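The following paragraphs lead through a protein model, from one of its elements to its overall confidence. Please keep the sequence and the coordinates at hand while reading.

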Amino acid sequence: MTRVANAHGAINLSQGFPDFDPPEALLKAAERAARHGPHQYAITWGAPNFRQALARKQSRFMGCRWIPTRISSSPAASTEAMMWWR
């Protein structure tokens, strides 16, 4: 995905390669969350309210209708969708 993103001048959201350390407040928040939970992956297709908000935003900015039930937060599904879109 990195090669494809670089070739097209895209932002690569499939991998994280930050060139900076995270802010201390973020590190502390991550530690609190890890220590106190909950410890559960999100459902594969994502939270309904997030998918609805994303569909509204993308529909507005991209000029085409996005359907919330067809949006997935799964990295595998996202990669598959990017390859299909080409």
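Helix 2 comprises 13 residues, 24-36, where helices are DSSP runs of H or I of at least four residues, strands are runs of E of at least two, and both are numbered from the N terminus. From its first C-alpha to its last, helix 2 reaches 18 Å, close to the 18 Å expected at 1.5 Å a residue; the expected span is 1.5 Å times one less than the number of residues. Just after helix 2, Gly37 adopts a positive phi of about 75°.

The model is predicted, with local features requiring pLDDT of at least 70 and side-chain atom pairs counting only at pLDDT 80 or more, whereas totals for chains, interfaces and linings use all residues. Residues are numbered from 1 along each chain as its sequence is written, and side-chain values use heavy atoms, leaving out hydrogens and water.

The protein contains four helices and zero strands, arranged along the sequence as α-α-α-α. Of its 86 residues, 8% count as buried, that is, under 20% relative accessible area, with exposed meaning over 50% and partly exposed in between (1.4 Å probe, protein chains only). Among contacts with a separation of 6 or more, 35% join residues 24 or more positions apart; a contact means heavy atoms within 4.5 Å.

Leaving aside residues up to four places away in sequence, Gln58 touches Gly63, Cys64 and Trp66.

Arg65 is located in the loop between helix 3 (48-62) and helix 4 (75-85). Arg65 counts as exposed because its relative accessibility is 70%. The C-alpha atoms of Arg65 and Ala55 are 7.6 Å apart, although 10 residues separate the two along the chain.

Confidence is expressed as pLDDT, the predictor's confidence in each residue from 0 to 100. The protein averages 79, and 78% of the residues score at least 70. Confidence is highest in helix 2, at a mean of 91, and lowest in helix 4, at 52. Over residues 82-86 pLDDT stays under 50, and the model has three contacts beyond four places in sequence for this stretch. Where pLDDT is low, the predicted coordinates should not be read in detail.
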